[in-house]
Amino acid sequence: MQLGVVGLGRMGSNIARRLHRAGHHCVVYNRTPKPVAELAAEGLTPASDIPDLVKKLDSPRAIWVMLPAGAVTEGMIDAMSDLLSAGDILIDGGNTFYKDDIRRAKTLEAKNIAYVDVGTSGGVWGLERGYCMMIGGSKAAVDHLDPIFKALAPGLGAIARTPGRDTRDRRPEHGYIHAGPAGAGHFVKMIHNGIEYGLMQAYAEGFDILRGKAGAALPETERFALDLADIAEVWRRGSVISSWLLDLGAMALAEDWSLASFGGAVEDSGEGRWTVDAAVEEAVPANVLAASLFARFRSREEHTFGDKLLSAMRFKFGGHVEHPVNPPAK
């Protein structure tokens, strides 16, 4: 199947690579030429600009936009909508706010262009592990794109099947789901990321307490010099709190138990705030998720070891590099 891919950053390039390896034909474009040249050298079709990308795709076209949420994605979708034809499909695979998806879908529907939003989880590991995808859009558009989603998804793998799912949709256990109409995919991904904040915060606080057990403020007879890397490793093996986030934390601690290369000023990319906003709109108590968001705000004023672990996990799964809140004057 043909697919245009616009935005070749940490995830966009690997999405194109994974599809190419599965036998799909990808036409790729990026504002800066280096990633386009790299993918062209691997056999993918380069485009010099958006009109060139559209020209190199057969109708009906499908184009996946993988850009930062907000004005950049908005501008790109507006520009492409003027170049596309009735029956074409625009896909936003970034972390767009779901209400923007609803608005865009309605606007594009007037031009008979389908809009599909894909909440995409997998980070920098997606090329090999596959991507978990939460998809919003019309049934016709999502079904048409199924070969793309199936190739990107992890598949069954070694995870045991859940009892009682024999008569249900098989796509979720392969790692992708049609969540509902436009906006539903990004809404589910938004809540996914809000939960991620809470899970990461729980690990961060727990390991901070473990590290603090050697502190001088405690009676000497009650101090333990605990090996955090070994604790993380043993918890990965059969523990009820094992997870991929713990795997990544264990990796970071094994590389440097002090996490000295991480400052601990933890950024938030928007989804945590939107999750809390949704909880307020629905009058749903979200104590843990709200507290984990506020903990990130606090981390920019004072940093703990737990904050460093948060930064380490964000770097491991998404390549996120935390920036100093107050960079030194030049």
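A salt bridge here is a side-chain nitrogen of Lys or Arg within 4 Å of a carboxyl oxygen of Asp or Glu, and D268 and R300 form one, with their closest N and O atoms 2.5 Å apart. You're looking at a predicted model, where local features need pLDDT of at least 70, side-chain atom pairs count only at pLDDT 80 or more, and totals for chains, interfaces and linings use all residues. Residues are numbered from 1 along each chain as its sequence is written, and side-chain values use heavy atoms, leaving out hydrogens and water.

**The sheet**

- Helices (H or I, at least four residues) and strands (E, at least two) are DSSP runs, numbered from the N terminus.
- Eight strands make an open sheet with mixed pairing, in the order β3-β2-β1-β4-β5-β6-β7-β8; two strands pair if DSSP finds at least two bridges between them.
- At the edges sit β3 (45-46) and β8 (176-180), each pairing on one side only.
- Strand β2 (residues 25-29) runs parallel to β3, joined by two bridges, and V27 is opposite T45 in β3.
- Strand β1 (residues 2-6) is parallel to β4 and joined to it by three bridges; here G4 faces I63 of β4.

- Buried means under 20% relative accessible area, exposed over 50%, and partly exposed in between (1.4 Å probe, protein chains only).
- Strand β5 (residues 89-92) has I89 and I91 pointing one way and L90 and D92 the other, and all of these are buried too.
- Four bridges pair β4 with β5 in the parallel sense, and V65 has D92 in β5 as its bridge partner.
- To get from β4 to β5, the chain goes through helix α4 (residues 71-81), and this β-α-β crossover is right-handed. That label means that, with the strands pointing away from the viewer, the path from the first strand over the helix to the second runs clockwise.
- β5 is also parallel to β6, again over four bridges, with I89 partnered by A114.
- Helix α5 (residues 98-109) sits in another right-handed β-α-β unit, with β5 and β6.

**Salt bridges**

- Side chains of opposite charge can pair when their charged atoms come close.
- The structure holds 24 salt bridges.
- D268 lies in the loop between α12 and α13 (271-282) and R300 in the loop between α14 (287-299) and α15 (305-318), so the pair ties together parts 32 residues apart in sequence.
- D268 is buried, at 13% relative accessible area.
- D52 and K56 also form a salt bridge, with closest N and O atoms 3.1 Å apart; D52 is buried at 15%, while K56 is partly exposed at 33%.
- For E322 and R314 the closest N and O atoms are 2.9 Å apart, and both residues are buried.
- E74, D92, D100, R103 and R104 are linked in a salt-bridge network.

- L253 belongs to helix α12 (residues 244-255) and is buried, with a relative accessible area of 2%.
- Beyond its neighbours within four places in sequence, L253 is in contact (heavy atoms within 4.5 Å) with F207, L228, A229, A232, L259, F305 and L309.
- T107 is 146 residues from L253 in sequence and 48 Å away in space, C-alpha to C-alpha.
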